[in-house]
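Thanks for coming. I will walk through one structure this morning, and I will keep it short. Please have a look at it while I talk.

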Amino acid sequence: VILTGDDSCGGDRFALSDHRAAHIRSILRAEPGRLIRVGMLNGRVGIAEVASVDEGRVELICHFDTDPPVIYPAVDIICAVPRPKTIRKILVIAAMMGVKRLMFVRANRTDKSYLSSPLLTSAGWMPHLLEGLAQGGLTRLPQVSVHPLFRPFVEDQIDELLIKEKNWLRLLSDPEATQQLDAAWGDCDNCHIVGAIGPEGGWVPFECGLLGRQGFVGFSLGPWTLRVETAVTAFLAQLQLVSSRQR
């Protein structure tokens, strides 16, 4: 359960009266005295004792005594804006799997109407990020941004967003690429990864070329035609596997 400062009643006590309280009552079936796992948003994790359970309110006594897991490697994702129901899934996946920044960009094969989705606002994406954090046992909220113009984003903004002092590996998911992720990884040592995941129809050649000129290296996720949310999951899972072999 992810908590925020707004939930505090003072000291180590926190009160919930929203969907989290319903989850504790109905899913966890927690009664007073039960211990549950909690995390402070952008802070530490720990254990909470259920102090009281009423029909519309749950009160917890919390102890945040452990740092959240460190996810390696550090990953940012550039994702072509998909249809709204897929945006929701990607938000959950990104938070659940420890993505640091999620940058949505309009691609050539992105329907312009997708940009008007309320999910691409802070109020719209926040509940799904919190759901992902709770699922993954993490607390650090990913940074989300929306970029409606592809070319200015790639040519003018990427270098500003990617801090130059860091050791970056820029990866482009491309079904036409011949190398797998482990080959694209090369001799990267303690790199911060940024991966570009295209729409279901794929990046067009112009977009691949523009990203390539900005240092993005193409790699293949396999022979399949993947949905965007599946590609994001596969990319993050493969990164974990490849990076663990390099350590």
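Before anything else, one term: two strands count as paired if DSSP finds at least two bridges between them. Also, keep in mind that what you see is a predicted model.

With that term in hand, take strand 8 and strand 9. Strand 9 covers residues 143-147, and five bridges join it to strand 8, with the two strands running parallel.

Now the chain as a whole. Its secondary structure amounts to seven helices and 12 strands. The radius of gyration is 20 Å, close to the 18 Å that the globule rule gives for 247 residues, so the chain is as compact as a globular protein of that length. Along the principal axes, the C-alpha atoms fill a box of roughly 60 × 45 × 35 Å. Of the 247 residues, 46% are buried. If you take the contacts with a separation of 6 or more, 70% of them are between residues 24 or more positions apart.

Next, the inside. Which residues have the most contacts inside the largest nonpolar core? They are Ile77, Leu102, Phe104, Leu171, Ile193 and Phe235, in a core of 40 residues. Several elements each supply at least two residues of this core, among them strand 7 (75-80), helix 2 (84-96), strand 8 (101-105) and helix 3 (122-136). Helix 7, residues 228-246, is also one of these elements, and the largest share of the core, seven residues, comes from helix 7. There is also a second, separate core of 19 residues, which includes Met103, Ile158, Ala196 and Cys208.

Phe104 is worth a look on its own. Leaving aside neighbours within four places in sequence, its contacts include Cys79, Pro82, Ile87, Leu120, Val144 and His147.

That brings up the cysteines. A disulfide is a covalent bond between the sulfur atoms of two cysteines. How many disulfides does this model have? The count is zero. Cys79 is in no disulfide, and the nearest cysteine sulfur, that of Cys208, is 14 Å away.

Where does Ser117 lie? It is in the loop between strand 8 and helix 3. Is Ser117 buried or exposed? At 7% relative accessibility, Ser117 counts as buried. Beyond its neighbours within four places in sequence, Ser117 is in contact with Pro84 and Ile87.

The other is Glu229, found in helix 7. At 11% relative accessibility, Glu229 counts as buried, because the limit is under 20%. What does Glu229 touch, not counting residues up to four places away in sequence? The list is Thr86, Lys89, Ile90 and Ile93. Glu229 and Ile93 are 136 residues apart along the chain, yet their C-alpha atoms are separated by 7.8 Å.

That is what I had to show.

Key. Residues are numbered from 1 along each chain as its sequence is written. This is a predicted model: local features need pLDDT of at least 70, side-chain atom pairs count only at pLDDT 80 or more; totals for chains, interfaces and linings use all residues. Side-chain values use heavy atoms; hydrogens and water are left out. A nonpolar core is a set of buried Ala, Val, Leu, Ile, Met, Phe, Trp, Tyr and Cys residues joined through side-chain atoms within 4.5 Å. Buried means under 20% relative accessible area, exposed over 50%, partly exposed in between (1.4 Å probe, protein chains only). Helices (H or I, at least four residues) and strands (E, at least two) are DSSP runs, numbered from the N terminus. Contact means heavy atoms within 4.5 Å. A disulfide is a pair of cysteine sulfur atoms within 2.5 Å. The radius of gyration is taken over C-alpha atoms; the globule rule is 2.2 Å times the number of residues to the power 0.38.
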